[in-house]
Amino acid sequence: MKVMILGATGLLGQALMREWNGDEVVGLGVSDVDIRNAEKVWEVIEENRPEWIVLAAAYTDVDGCESNQELAFSVNRDGAVQVARAAKNADAKLLFLSSDYVFDGKNPLPYEIGDARNPQSVYGQSKAEAEIQLLEVIPTCCIVRTAWLFGIGGKCFPDTILKLAATRPALDVVSDQRGCPTYSVDLARAIIQLCRKSANGIVHVTNGGDCSWFEFAREIVRRAGFSTEVRPVSTQQMVRPAPRPAYSVMSAKSLANYGIVMPTWQDALARYLQARRG
Ligand SMILES: NC(=O)c1ccc[n+]([C@@H]2O[C@H](COP(=O)([O-])OP(=O)(O)OC[C@H]3O[C@@H](n4cnc5c(N)ncnc54)[C@H](OP(=O)(O)O)[C@@H]3O)[C@@H](O)[C@H]2O)c1
């Protein structure tokens, strides 16, 4: 089958390009097509006629979205809708990447796919509105909600922690936000399987298990062999422009329905650190 990846130069996009073997894959970055440019979007989809389009392109700076709302909505919602319209016109199936930040974080239990969206940030709102509008354009499209993405080839939490741990005796990390770290390689492999299984509807895809940012940082530092002290702090002590959900753990049931089980985040972290060492 022929596949088109939009956002191929990003963290996930690079992993998809590396992992996707056995099919014809066309990967495009923003310099090839800006998804805000409807005419160009239609042109590349018409030219390539893919069976699947994986839409990983997004404005992903969660704090930046608060001060650049227009950009956030024009890329994450309106750009995504342009892609969906062109995909529908070309009879292509669409898989869209969304986020745990569509939830408010007040659930006591892991979020299921049918739980109500209630985004607290502009980024989350842009993704939530995109989901709703995409499902109107293509009711059978596949929406993959993921979270806390890390991997080789871009800025991510473990990379930041490792750089800081190398130069500082102690690090303060938020301990009252809980979620599911997700390795780009494992997410890419799950997406490939979902496309091959003609998935549709909302699917939650994260590595197994959950933790706080503090626990995640502590494990990164420990496994990398640093003696840096990692200290827990509250969200209130670390004020940032965008509010984050306190609890955004997502249930694995929707993914299990496709017979896919993700490795734990600890296993994923070990492989990431290994890959980083080269
Ligand atoms: N990172 C996370 O923790 C996380 C969590 C939940 C969901 N997600 C979602 O997962 C997807 C992949 O995330 P990621 O971390 O791989 O993102 P990323 O590393 O920031 O990459 C984003 C990609 O989008 C492209 N892009 C940005 N603006 C564009 C535009 N106007 N038109 C076309 N392409 C554009 C970028 O191109 P250039 O590189 O050429 O600029 C890049 O290829 C995104 O949809 C994101 O919202 C991410």
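How exposed is lysine 93, in terms of its relative accessibility? Lysine 93 comes out at 33%, which counts as partly exposed, where buried means under 20% relative accessible area, exposed means over 50%, and partly exposed lies in between, using a 1.4 Å probe and protein chains only.

Before I go on, please keep in mind that this is a predicted model, in which local features need pLDDT of at least 70 and side-chain atom pairs count only at pLDDT 80 or more, while totals for chains, interfaces and linings use all residues. Residues are numbered from 1 along each chain as its sequence is written, and side-chain values use heavy atoms, with hydrogens and water left out.

Let me stay with lysine 93, whose side chain meets that of glutamate 51 in a salt bridge, at 3.6 Å from N to O; by salt bridge I mean a side-chain nitrogen of Lys or Arg within 4 Å of a carboxyl oxygen of Asp or Glu. This pair links distant parts of the chain, 42 residues apart, with glutamate 51 in the loop between helix H2 (38-48) and strand E3 (52-55), and lysine 93 in strand E4 (residues 93-99). Helices (H or I, at least four residues) and strands (E, at least two) are DSSP runs, numbered from the N terminus. Glutamate 51 is partly exposed too, with a relative accessible area of 36%.

The next pair is glutamate 129 with arginine 77, a salt bridge in which the closest N and O atoms are 2.6 Å apart. Here again distant parts of the chain are linked, since glutamate 129 sits in helix H5 (residues 122-137) and arginine 77 in helix H4 (residues 69-89), 52 residues apart. Glutamate 129 is partly exposed at 23%, whereas arginine 77, at 18%, counts as buried.

What separates lysine 163 from aspartate 159 along helix H6? They lie 4 residues apart, about one turn of the helix, both within residues 157-165, and their salt bridge brings the closest N and O atoms to 2.9 Å. Lysine 163 is exposed at 54%, while aspartate 159 is buried at 12%.

Beyond pairs, Asp63, Arg240 and Arg244 are linked in a network of salt bridges, and a search of the whole structure finds 23 salt bridges.

Finally, threonine 146 lies in strand E5 (residues 142-146) and is buried, at 10% relative accessible area. Leaving aside neighbours within four places in sequence, its contacts (heavy atoms within 4.5 Å) include Leu97, Asp100, Thr182, Val205 and Met250.
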